[in-house]
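Please keep the structure in view while reading.

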Amino acid sequence: MIRFFLRRLVALAPVALGVATLTFALIHLVPGDPVIAMLGENAAPVDVAGLRHQLGLDRSLPVQYALYLGGLVHGDLGTSISLHEPVSTLIAARFPATLELAAAGMAMAVLIAFPLGIVAGAWPGGAVDLGAMGFAIIGISIPHIYLGPLLMIIFSLHLGWFPLTGRGGLAHLVLPAFTIGMAMAGIVARMLRQSLVQVRDADFMRTARSKGLSHFHALAAHGVRNALTSVVSLLGLQAGALLTGSIVTEIIFSWPGIGRLMIEAITARDYPLAQGCVLVFALTYVLVNLLTDLGYSLIDPRVRLA
Amino acid sequence: MMRNPSLAAGAAMVALLLLLAAVGPHLAAANPLAIDLGRALAPPSRTHPLGCDALGRDLLARILWGARISIGIAAAVVGVSLLVGSLIGGAAALAGGLTDELLMRAVDVLLAFPGILLAIALAAILGPGLVDLVIALAAMGWTGYARLVRGEILSLRERDYVQAARGLGASPGRLLLLHLMPAVAAPVAVQASFGVSGIIIAEAALSFLGLGIPPPQPTWGGMLDEGRAFMLVAPHLTTVPGLAIGLSVLGFNFLGDGLAQLFGRHRRR
């Protein structure tokens with residue numbers, strides 16, 4: 001297990017380098033001048049040259065790339081132009097909020113998906129199945145940017161059950177987590193149902209039933225365990241959707257995470273800060289994919305040998 | 001059709017959506033950009049069936065024009081992604097060796113980078129134009145098709161009928177166009193259908209974040225963002241574009257499900 005983990009960690013290095021390089025390339029190779037974009041078309045040439053020098057953009061591209069990678073190794077992501085603080089400090093302050101929201105979203109997805117998928121898979125074709133899968137389909141199709149405001153209207157403004165915006169206790173987490181988790185819950189519930197329907201007549205299910213387990217018990221205990229590997233890999237595949245969801249959800253609920261920080265940086269044309277946020281997001285995504293693989297191998301030992 | 005309700009529902013919803021995007025703007029009498037502060041936040045009425053927004057612009061006209069923009073962008077993005085992805089995936093599969101290795105490593109790095117982040121960064125750097133937006137969104141989409149097409153071609157290449165054609169002296173181009181592409185078309189159609197709904201959501205999110213087509217052009221995501229400030233007094237401002245996005249996504253998801261069932265493949269979600 002430890003060897004498997006180390007091997008995956010080593011394989012991570014080139015991917016992380018690729019992601020860092022792509023982030024650099026996005027800012028430096030794409031047409032358009034960040035300095036002009038920051039200062040405006042009519043900026044004085046002196047100011048343009050000054051800022052370009054301050055950002056190190058007047059050096060050759062390979063030198064800039066080397067400096068960028070060198071800084072990265074030391075955790076130096078440059079200095080924010082709009083907030084005048086080190087980018088790494090700003091991101092470190094906001095990162096826990098984003099992690100908290102993403103974890104809550106994923107937990108909410110699992111909490112919704114399992115009951116839905118299991119009842120639908122236990123009695124396929126019935127009214128419960130239809131209702132659960134209808135709910136799942138709506139969850140998949142409803143966009144975050146509509147679900148968020150909708151939940152705010154109903155549960156915050158009308159019913160007053162949850163706070164409207166901001167970060168705080170558990171109550172603050174519920175609506176944003178639901179906003180993020182809903183689509184993922186729909187996807188996982190559908191897969192869970194399909195997988196339960198497929199194993200219905202498998203040998204191990206017959207054995208479980210012949211031991212005296214009820215149909216529902218056999219499914220819940222054995223069928224679900226069989227489906228777990230697919231669920232974990234699906235959750236990993238959904239990490240990208242989790243990311244999209246967290247960026248817009250942070251905006252909707254004024255959540256102080258790096259998604260909002262990134263959009264604020266982009267709006268303020270604060271390129272070092274925006275670049276830092278993009279990089280941290282991307283590296284987190286790579287790491288989540290690694291964790292998915294590890295979770296996969298914990299559940300299904302066969303994977304470790306592959 | 002009866003045995004495939006997803007396909008029937010999806011095809012009907014998508015057809016209706018395409019029809020609305022095509023002729024809708026001509027049906028709406030009102031100008032989507034005409035401001036009339038006297039009608040600001042007006043509820044639905046006979047002259048304005050869906051009411052008016054904060055600047056008194058007719059919501060129905062804006063939704064219909066927005067449909068043209070959203071669907072147009074989604075179609076363009078999926079078209080470009082599909083073309084680029086198929087060409088690169090096909091080239092990698094047919095060339096093999098080092099070319100395959102290099103192309104697929106590049107795809108892997110891009111796939112390791114979250115797509116929406118790529119789109120946000122590109123949209124921010126390229127600027128708010130229509131073409132820029134299509135490029136930004138296509139950049140996140142094409143890698144999936146490249147992988148799919150490459151995988152399909154690699155498995156098809158060993159089939160007897162392809163071997164036979166090659167034995168008869170068919171050129172690589174002829175093999176690709178006449179023998180491989182038609183067989184690849186089915187899984188690609190399924191993925192493209194889900195792809196359209198993904199792009200509709202991504203485009204709406206970019207507009208919502210202020211990185212899409214700039215106002216005053218009506219886009220569904222932008223309308224949702226503008227309507228948020230008036231959620232209590234005029235909930236129709238968020239409900240209408242929200243439903244438009246949701247129903248479009250639902251339609252294309254149904255279509256994708258239906259096509260997958262039709263082609264008898266394992267569903268991807």
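In this predicted model, the contact between the two chains draws 33 residues from chain B and 36 residues from chain A.

**The side of chain B that touches chain A**
- Two or more residues of this side come from each of α3 (97-112), α4 (115-126), α7 (172-208), α8 (220-227) and α9 (236-262) of chain B.
- The element that gives the most to this side is α4(B), which supplies 8 residues.
- By residue type, the side of chain B that touches chain A divides into 23 nonpolar, 8 polar and 2 charged residues.

**The helix α4(B)**
- With its 12 residues, α4(B) reaches 16 Å from its first C-alpha to its last, which is close to the 16 Å expected at 1.5 Å a residue.
- Because 11 of the 12 residues of α4(B) are buried, this helix is largely enclosed by the rest of the structure.
- Among the buried residues of α4(B) are B:G115, B:I116, B:L117 and B:L118, and B:I125 is also one of them.
- After α4(B) comes B:G127, whose phi is positive, near 110°.

**Chain A as a whole**
- The secondary structure of chain A consists of 14 helices and 0 strands.
- The C-alpha atoms of chain A fill a box of roughly 85 × 55 × 35 Å, taken along the principal axes.
- Chain A has 306 residues, and buried residues make up 38% of them.
- Of the contacts in chain A with a separation of 6 or more, 71% are between residues 24 or more positions apart.

Key: Residues numbered from 1 in each chain as written. Chains lettered and ligands numbered in written order. Predicted model: local features only at pLDDT ≥ 70, side-chain atom pairs only at ≥ 80, totals over all residues. Contact = placed C-beta atoms within 7 Å. Helix = DSSP H or I, 4+ residues; strand = E, 2+ residues; numbered from the N terminus. Nonpolar A, V, L, I, M, F, W, Y, C, P; charged D, E, K, R; others polar. Buried ≥ 20, exposed ≤ 12 C-beta atoms within 10 Å, placed from the backbone. Expected span 1.5 Å × (residues − 1).
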